[in-house]
Structures are given as C-alpha cells and as structure tokens.
Amino acid sequence: MDNKAFITLEYNRIIDKLKDYCQSSLGQAAVSSIVPLDDLDTINDLLEQNADAIELIVKYSNPPLYGISDLKSIVKRLNMGGILENYQFRQIADSLRVSQALKDYVSEMEQENLIKDRIALLYTNKRVESEIDRIILDDEKIADDASRTLFNLRRNIRNKTEDIRKKLNSIVQDKDSQIKLQENIITIREGRYVVPVKAASKSHFPGIAHDRSSSGQTVYIEPMVVVELNNEIRQLQIEEHDEIRKILRELSELCAQYSEEIETNQDLLVQLDVVFSKAKMALDMRATRPILNDEKIVDIKDARHPLLTGKVVPIDIKIGDGYRALIITGPNTGGKTVSLKTLGLMILMSQSGLFIPAAEFSKVGIFKSIYADIGDKQSIELSLSTFSASMTNIVSILEVADENSLVLFDELGSGTDPTEGAALAMSIIDYLIKKNTTVVSTTHYSELKLYAMTTDYVQNASVEFDVKTLSPTFRLIIGTPGKSNAFEISKRLGLVQSVLDNASKYISKENRDFESLISEIESDRIEAEKKVAELDRLKQEYLALNQKLKASVDDKKEAAQRQVEESKEQARRILDEAREEAKSLIKQAKKSIGNSANLDRSYTEITDKYKDFQDKYARKEKNKVVSNKNIEVTLGESVRIISMDDVGVVQTLPDSKGDLIIQVGILKFNSNISDIEKVQEKETKKDKSSSTYRKVYREKSSEDYKTSLDLRGQNINESINEIEKFFDNSIIIGLKEVSIIHGKGTGALRKGITDYLKKSRYVDTFRIGTLKEGGAGVTVVTLK
C-alpha cells in the first residue's frame, strides 16, 4: 500500500479514532500497527472476530478490560531468577484477575463465538492471584501477616518504639531538661529517635549528636538512655528487610513457574482489547460488515464518510462490474472529492478488518495497492505549479499501477489549458484501462463526459445539484453525467439575461446540444425516481394492508380453532362424566337390586342414559336455535337448554352478550339466553328427581376400577358369578378389553371359564394371553 494514499485519504485519522476505544496503551500500540491486508481469508477472519465481539457487547455490554500491562520485562526478570518489585506483582495479579473476569463475562454464552474461544485460552491462577493480594498491599507496603516471622519482627519494633517514646517523653517533660531543649518534641535523624537540644547546652546533655540545624543553634541528640533501644530497633529493621526480601523471593519463584502463561496472557489480552475496540467503533458508527471479493467489484450502498460529523448524506458507489473506470462530474462543492475519499476509506477500512459505515451486504473488492492524487483545490487559484505537482504524482502512479490497483484522481488534467488537460485525462485513463486498473476520477471537462459515454469499460457518474436552492444534494448518481449548471446558477444569482445570451454564443452547437441532452437525461431520471418512489410508497401501503388483513385472518382462524378445541374438550368432559355416572349408578343398582332381572333392567336404563348424553351433545353441534333473546331469568330458576333438550338451574345471570351458566345435574354448561326457555312445574319436579339420581352418582364415582379379574383359588360356580359382575361394570364404564386371571394349575378352572365365555352374551371374542400378558394363565376377553 502507498503511504501517501493513507495520508491523502486520512486513513491515519481512522486509526487514531480507533485508538480512543482501546483500554490500554498496549492496545493503542497494536492499533497503530494495523494496515490494510490483501489476503481474503485473513481479512474475513478479522471481520468474523469483529462480528462476534459486537454480538458479545450487544448481549452482555462492554467487556471488563482493565489492568493490561507490559509484562514482557517482568517475565524476563522472572526467568533470570530476579526478585520483582511490589508494582510488578500487582500487574501480574491484575492480568490474572482480568482474565478470570473475561471468562465470567462469556460464561453464559452457549453458541459458537470466536471471541469466546479466544477468551477460553486465557490462563487463570487463583492461588497466585490470592497470594499476591495477601502479601502486597500497595506499591510500597508488605502485609504484616505475609509471614509469621515478619509479623513478630514488626510487633517487636512497635514495642521497642513505644519504649523509646516513653523514655523520651519523660525527658522532654522534665523541667531541668526543658531548659536545655530547643523544643519539647521528639524527632528522627538518620533513622534514630532524637531530641532538639540548644547548642549551648550540648555538653550538659549526655547522648550522641546526629545532626545540626542550618542556623547552628540546634543539635539533634540521641539521649544515652535510648541508645541501646535504638540499636535494637535498627537490628530488628535489618531483620525485617531480610525477611521481606525472602518473602518477595519466594513469591517471585511462585510466579516464575507460570511465566510462559503470564506472557501469553498479555498477548491475548492485547488482541482482545483491539478487537473489542473495533467492535465498539463499529457500533458507534452504525457500521456493517462488508462482503469481500477478489473480482475487484465494488458496490457500496448508503456509504457515509466516517470522519464527517452532523447530517451526512449517504452515497451509492458502484464500479468493477462491467466497467473499470468511473468519471464523476458536477459543480464545485457538490461532493465529488468527498465521494472519492469515501470510496477510498471504505476499501481501506474493509481491508483492515473494520466494519464500514454503509448499508448491509455492501460489496468491496480487494486491492493490493491504492493510489490517490487528491488535493483540495477548490479555494486555490489554479496555476502551473499546481499542475506540475499533480502531474509528478500521476507519473509515479502510472509507473506502478497494475490490475490489482485502485487509482483515485481528483480533477484529473486540471491546472492547465482545458483542451490539453482533457486530452491528457482521457489518455491517462486509456492507459490505465489497458493495464486493467480500476480508476475513479472527478472532472469538470465536458469532453470526459462524452468520452465516458462512448468508451468501453468507462461509466459516467454525477453529484446531484438542486438548481432551485442553488445547493448540492451530495447524492452520487451512477450512469448519468453531471452539468456544471454555470448558466443557471449565474441567472439565479442575478446576472443579466443579455450577458447569458451572449455567453451562449461562445459555446459550440455541439456542446449546447450535448448539454441539452444531459438536461433531458437528468429530467427523465428525476421523473423516473419520483415514479419509483411513488411505486415504493404504494408497495409499502399494500404490504402493510396485506399484513393487517393476514393478521386479522390469523386471529379469526385462531379464535375458531380455540372454539373447536373448547367444544371438543367440553364433549370429552360430558362423555367422561357420563361414564362415571353410569359406573356409580350400576353399583347403586347392584346394591339395591338382588336378582339378575332387576340388574338387567338397571343395566338397560343406564345404557340408555349414557346414549342420551351422546345424543344431546350431537344435537348441540347440529341445531341452530332461534329463540327469544329478551327472556328474563333469575338465579336458581329452572330452565330448559333447547339444544340439549335438558332441564337445568340458572347459576349466573346473562352478561352483555347474553352468556350465562346453567347447571344440569352435576354438570355446568356455558349457554346463551337465546338457547334457553322456561319450563313447567312438572318438568322442574322431574329435574329434581334427576338431580337426586345424580347425587348417588357423585357419592359413588370415587371408587377405582381395574381392567383384570383374579379368580385363582376359586371354583367354577363362584367364578362365573364374579365374571358376570365384572363384565357388567366393565361394559358400563366403557371398557372394550379385559383380562381374567385363572392360573395354569390343572386346567379345570380355565376349561370351565372357556365354556362359559363361549355362551356369554357379554363376550365378542376371547383368547389366551401373550407371554407378556401372562401366557396360558390369563384369558383376554373383548366385550361387545
């Protein structure tokens, strides 16, 4: 890559912006070394990491990145057997601490994520971290309990110090001594406790002189009574120093065991700092991941210059698919140069593994080199020196540009005679097209507009200008050449019409016709855009209406489905309760009626009642009832549910929709006022007797029922009575298949049961049980 292009396109400002997102100086240093790459797989890997880092930030907020320090020199010192300083131990502890914090940060992440995998490589060691925290209090202090010996030494030093203070306090408080003292204080000189004595009284104050004031009036003397104590403290301090060195040496040896892991951690943490800084910048820029390709195709939608602030108008840039050169024309300050720089920055950022401020799925081709000849000449008088400087740069670009290069020219051929400049510009573009180089150039020359329209692999583009407001829209239009709009702008600014008319005479007919053609093309384009916008608006309205209708249909389908399910559930409850009622009533009948004739009558009555439940529900589904919706009912009043043809009692008054609850026997039904009618008194009495009948059902329905009958140990006569009772109950509660357990034995009981089953009116078919069901010891019966 050409470093000049980095400066011209302000790529260095993007890197500086990225540095601001780093949490460490090491991360900033790593960002400084970022350069655009040209290997597609490597760049895609960087972009994938960026995407995964964004996913983590969005899901779990910003990562806990702190305490990232340069540990290389520390590791080197450890490997040489050196002893670390307090601050170096703290840096190691911080590195281990942030590594654990990052592991906790992604601990709930279940799906695959490259950054999660990178964090998993971080080394943590709670023992080393805790030991450092226990021993090192700050950059200067070691904890008293770092070792037992250190604790005892410091306690002795404190005790000796207190003894000295007591003795010195007695001296400074003594009236005779106070005469000799300059001040009644205790101080320290050369690490020993002393008192300030007047120079004139020095010979009358026994002790060792350690210092003298600058005026010479005061001598700092260590009284003889504390000399020995000071000596003892000094000795304890030496032992304390030695013990601290011993503690730090042992702690250094502990850290040295993991020096390789500590060094690797630093590299990983710096990498994470960089990738998360990319992710944070992308989120702030509302940037997206570019789709990279090796075909040099660029198709960027809604690109925004990343360094501009305020309201930035996005542009669409397309090149490489059908044409290799793009000629951008339009008025001054229209945004041509910004478009050129935006394109260059989008490509440089993409190849650096950065997301770009553009619409999703924007395509960016990979270039091995980017060259730019861009200068802000809009406020500078064009001169030969400007032309010479620009041409010198262009000559160097033409020497090195090839099929893997992108070349950006701003006002190519300007600064000299327009005719010669236009000719040079077209020739330079021809030269680069033959080398298959991708070229984008801005220009004011009309010759280049015509050149783009008539030359293969060259396309026109223009920056839009609103003549009515005399201001650019900053939109880039691909496929349409731009107008300078000099006459229109001059007219709106007040230039007299006669001057404009005279000026048009100096323009050749061909140029006037060409500009008219461009105006017509521009008008057609604007009209087409309006129609497209209107069609898009109608499409959006249609989609919104269609979505609304679909939602309404779905709601109705869902409501209908719920109603069907509720009806099925209610039917199931009715039938289940009918079976339970039948079961209870047959038990009641058996207890109250002893002979089989009465039992048969009871069975017939109950079977008919069970069938009646089924018929009532079927009628409810089929009947469409029309009745008086204005009927008035009271709580507890007996009414008939027309669709069920049954009498019940009103449990709730009708609501605003006419819905109410009717209890028929033990069952409660949701009904409507339109489906009920009042009943005569005799029907009410009938219903009361029915309720009494059902009361027996409620009292008896709690008993459990088995699907098998065990007859082992009984004779055939006893067994037949039990079988008949068993079949009665089974049929009433709806069982279709039951089992009779008779055992194998001599086979007499099984033979007698088989003879009975052949004649029984209850039995449809029967068979010997399977091995799983009990084999020859069990007969399985299918009931009618």
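**V496 sits partly exposed in the model, with a relative accessible area of 45%.** "Partly exposed" covers the range between buried (under 20% relative accessible area) and exposed (over 50%), found with a 1.4 Å probe and protein chains only. To find V496, look in the loop between α17 (486-492) and α18 (497-505); helices here are DSSP runs of H or I with at least four residues, strands are runs of E with at least two, and both are numbered from the N terminus. Together with L495 and V499, V496 forms a nonpolar patch on the surface, and the three share about 220 Å² of accessible area. Such areas come from the Shrake-Rupley method with a 1.4 Å probe, and for residues only the protein chains shown count as cover. A patch is built from residues with over 30% relative accessible area and no salt bridge, joining nonpolar side chains (Val, Leu, Ile, Met, Phe, Trp, Tyr) within 5 Å or like charges within 9 Å.

A note for every view: this is a predicted model, in which local features need pLDDT of at least 70, side-chain atom pairs count only at pLDDT 80 or more, and totals for chains, interfaces and linings use all residues. Residues are numbered from 1 along each chain as its sequence is written, and side-chain values use heavy atoms, leaving out hydrogens and water.

**Here is a negative surface patch, made by D38, D39, D41, D45, D294 and E295.** Asp and Glu count as negative and Lys and Arg as positive, while His and the chain ends are not counted. Each charge is placed at CG of Asp, CD of Glu, NZ of Lys or CZ of Arg. One member, D294, belongs to the loop between β5 (291-293) and β6 (298-303). With a relative accessible area of 43%, D294 is partly exposed.

R304 is buried but has no salt bridge, and the nearest side chain of opposite charge, D302, is 6.9 Å away.

**K72 and E263 join in a salt bridge, with their closest N and O atoms 3.5 Å apart.** This pair links distant parts of the chain, with K72 in helix α5 (residues 72-79) and E263 in helix α12 (residues 259-285), 191 residues apart. A salt bridge is a side-chain nitrogen of Lys or Arg within 4 Å of a carboxyl oxygen of Asp or Glu. K72 is partly exposed at 31% relative accessibility, as is E263 at 29%. The whole structure holds 26 salt bridges.

**D139 meets R90 in another salt bridge, 3.0 Å from N to O.** D139 lies in the loop between α8 (126-135) and α9 (148-173) while R90 lies in helix α6 (residues 86-105), so their bridge ties together parts that are 49 residues apart in sequence. Both partners are partly exposed: D139 at 41% and R90 at 36%.

**In this view, D144 and R154 form a salt bridge of 2.6 Å, N to O.** Because D144 is in the loop between α8 and α9 and R154 is in helix α9, the pair ties together parts 10 residues apart in sequence. Is each partner buried or exposed, or in between? D144 is partly exposed at 32%, whereas R154 is buried at 13%.

**S61 has a positive phi, near 70°, in a residue other than glycine.** Most residues other than glycine have a negative phi. S61 lies in the loop between α4 (40-60) and α5 and is partly exposed at 46%. F361 also has a positive phi, of about 65°, although it is not a glycine. F361 lies in the loop between α13 (336-351) and β9 (363-365), and its relative accessible area of 64% makes F361 exposed.
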